[in-house]
Amino acid sequence: GSGTGTLVVWEKIDRLLKTYSNRGSAQTALNRIISSLAFHISMVYQRFLDPDDNRDRTVEINLNGRKITAWDPFCLKEPLTEKLADEVVEVEMPNGIVSSFSIRAYMLPRGDEFSSVQAKGSARISNDTQGFYVYRENRLIHYWDWLGMFSKDPHYSLLRVEFSFDHTLDEAF
C-alpha cells in the first residue's frame, strides 16, 4: 500500500507441523502455533503496542489481519494491583558513562479480587508467570524467571518484578 512499515511474510509454514493425515488436526495445530505467536508478540512488544504506555512510540502489529493488543504482565489497570517498589538506580560504568536502570515490583490481586473474570484470565496467574520481566530498550528480553535467586513457589504466584535498562548498560548486564 501507500503506508510505511515493515511487512513480514512467512511462507512454507507447513514445515512447522508434523505430518498429519487429518487436515483438521493440522489446522488445529497451526491455530495453536498462531495463537502462541500472537501472545509472544503481545508480551515482548507490550510497551510499543499499548497506546497508554508513553515510554516509547506506539506501533500496530497485525497477524493474519488481526490486530495484536499489548499484554500487561503487571495488571496496571487493575485497581487492586499494589506497587511494592519503584526505584531508579544510577550506575557509573568503568568507562565513566553514567546511566540508570529501573526496578518496580507489583503484587497482583488475588483471583477473586480482579475487576472481571476476563481480567483475571488475562493476568495469567500461575507459578509459571511469577518472577522478573527484564526489558532492554523497552522490549521484553527475559521473562517469568527468578534469575536463579529464588525457586518458583506458589506463595509468589502474584509477584512480578519489572527490570528495565537501556543499551548503555549492555556490558554490565
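Glutamate 162 is buried, with a relative accessible area of 1%, in a model of the protein that is predicted. This residue lies in strand β7, which spans residues 159-165 and has the highest confidence, at 97, whereas confidence is lowest in α1, at a mean of 87. Over the protein, pLDDT averages 90, and 94% of the residues score at least 70.

The side chain of glutamate 162 is joined to that of arginine 47 by a polar contact of 2.6 Å, and a polar contact of 3.4 Å joins the side chain of glutamate 162 to that of serine 164. When neighbours within four places in sequence are left aside, the residues in contact with glutamate 162 are Arg47, Arg55, Phe74, Ser102, Ile103, Arg104, Tyr106, Tyr133 and Tyr135.

Tyr133 also belongs to the largest nonpolar core, which has 14 residues, and in which Leu108 and Tyr133 touch the most other members. At least two residues of this core are supplied by each of α1 (23-44), α3 (117-123) and β5 (131-136). Apart from this core lies another, of eleven residues, among them Phe132, Leu159, Phe165 and Leu169. In soluble globular proteins, nonpolar side chains tend to be buried together.

For leucine 108, again leaving aside neighbours within four places in sequence, the contacts are with Pro73, Phe74, Cys75, Thr81, Ala123, Ile125, Leu158 and Arg160.

Definitions and conventions
Residues are numbered from 1 along each chain as its sequence is written. This is a predicted model: local features need pLDDT of at least 70, side-chain atom pairs count only at pLDDT 80 or more; totals for chains, interfaces and linings use all residues. Side-chain values use heavy atoms; hydrogens and water are left out. A nonpolar core is a set of buried Ala, Val, Leu, Ile, Met, Phe, Trp, Tyr and Cys residues joined through side-chain atoms within 4.5 Å. Buried means under 20% relative accessible area, exposed over 50%, partly exposed in between (1.4 Å probe, protein chains only). Helices (H or I, at least four residues) and strands (E, at least two) are DSSP runs, numbered from the N terminus. Contact means heavy atoms within 4.5 Å. pLDDT is the predictor's confidence in each residue, from 0 to 100. A polar contact is a pair of N or O atoms within 3.5 Å; within protein, one must be able to donate a hydrogen and the other to accept it, and residues adjacent in sequence count only if both atoms are side-chain atoms.
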